[in-house]
Amino acid sequence: MLKIILEDEKHIHPFNERARDIRIQNVPLWLNQRDILAEYVTRDLEVSLNRLLPEVQEPCLIYRDNLYFDRDYVREFIQRARAQGTAVRAAFRADDPVFKEHALPLSTSYARSGDLYLADLWYYPEGPGPEAAPLVIDPHMQEIGYYHVPTYMASDHGDLVFKVPLRGMMAIDSWVHIFIADVVFGLFSRGARFERDLEKDPWNKLRTLWKGMMEGKQVLESSMLVQVGRNCQIDPTAIIHGPTVIGDNVTIGAGVVIENCIIGSNVNISQGCQLMLSVVGDGSFLPFRAALFMTTLMENAMVAQNTCLQMSVIGRNSFIGAGSTFTDFKLIPSELRAVGGDGKLGLTNREVLGGCVGHNCRIGSGMLVMPGRTIESDVILLGSSGGREILGHIAFEHSDHHRLRDGGLHQRQYPRRGETAGESW
């Protein structure tokens, strides 16, 4: 089968980078797509989003390169498409809880058609054509709680829940979608699928229990749920609960607590750090007592000591200074907004949400970042003796390095579309 990739040139704020090049689950999005589709396709073509498709007479899978999907969704989509034997296009019901809560807010990649929303994923059995019937895939949604809080923070029963799909697909149009893809469609879905597989296969459940007994560990700490790469140094006092994946050449210090995370290769996590439901990219460094909760660190990021990040996304090669806090709950009960795919502020449909830092940023110590705020790539923010509150969105033009004598030493690496790297504003 031929794979045709539609190249979307739009940049994702605040990274100033195309969605295909941003890491999801610690893997570039384009590589995640390639690996999942490898068993179905024999060759591929890349075509600009606004160009005509090539004329071919063979089965084709066509998708826009800003789509995130998991193996379960792709398997069901292709099986049903082949069974129908006609051209189909991926679609969501407008009232689907998963789509309404996670995919639709802040997105510009779906086309409305009656009570459906159409996504940019097609299957053609005999080459591209004009007609494609909508194909709706049941996400097999589960509600999973992530906070038990006072009722003033939630509308129902004092619980905040995610609507978690076991088959996930969504367009990455905003940094919030990166958070959703990593945490909800990634870590939460992985845990839910693991529990589903245990219930469906009693022998798998027995193997998991037996593995824990043989290793003298609790089930959540056994090698069935905690996968550790080569050449890792893990202090015996560290607590690691699965499902967790740890890459190669990782150092984990004394008293570290890790629960349901993805840890990349060449990562150093020092004493007393706590990580829950987070993705830590290759080459990242967390000194002592740093804390991550439902947070993504892209490759080569550093979060200094006594820093707490909640429901946030940090870009590659960025530094977060000591004692900083990224909050996730608005003290005033107004609706949370974030920058969407159209570059404007839009409703996030989230009760709680952290902030986002772009690539190649340097954030000073003692910062307090309010919910939903963004800091554009290549920004430097200096701290002060009394700390500093980030109440609005910080653009490159507001970077503190512009007023420093040696500010020119900090080179711009991620310009906006139409601008060039290294130029000042």
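**Rings and crossing helices**

Let's start with the aromatic rings: the count comes to seven aromatic pairs, where rings of Phe, Tyr and Trp (its six-membered ring) pair if their centres lie within 6.5 Å. This is a predicted model, in which local features need pLDDT of at least 70, side-chain atom pairs count only at pLDDT 80 or more, and totals for chains, interfaces and linings use all residues. Residues are numbered from 1 along each chain as its sequence is written, and side-chain values use heavy atoms, with hydrogens and water left out.

Take Phe-92 and Phe-99. Their centres sit 4.7 Å apart with 15° between the planes, a stacked pair (planes under 30 degrees apart count as stacked, over 60 as edge-to-face and the rest as tilted). Phe-92 is buried, with a relative accessible area of 10%, and Phe-99 is buried too, at 1% (buried means under 20%, exposed over 50%, partly exposed in between, with a 1.4 Å probe and protein chains only). Ring pairs also join Phe-92, Phe-99, Tyr-110 and Tyr-117 into a cluster.

Now look at Phe-162 and Phe-188: with centres 5.3 Å apart and planes at 80°, this pair is edge-to-face. Phe-162 belongs to strand 14 (residues 159-165) and Phe-188 to helix 4, so the pair links parts of the chain 26 residues apart (helices are DSSP runs of H or I, at least four residues, and strands are runs of E, at least two, numbered from the N terminus). Both Phe-162 and Phe-188 are buried.One last stop: Arg-412 lies over the face of Phe-396, 4.0 Å from the ring centre (for Arg, CZ must be within 6 Å of the ring centre and within 35 degrees of the ring normal).
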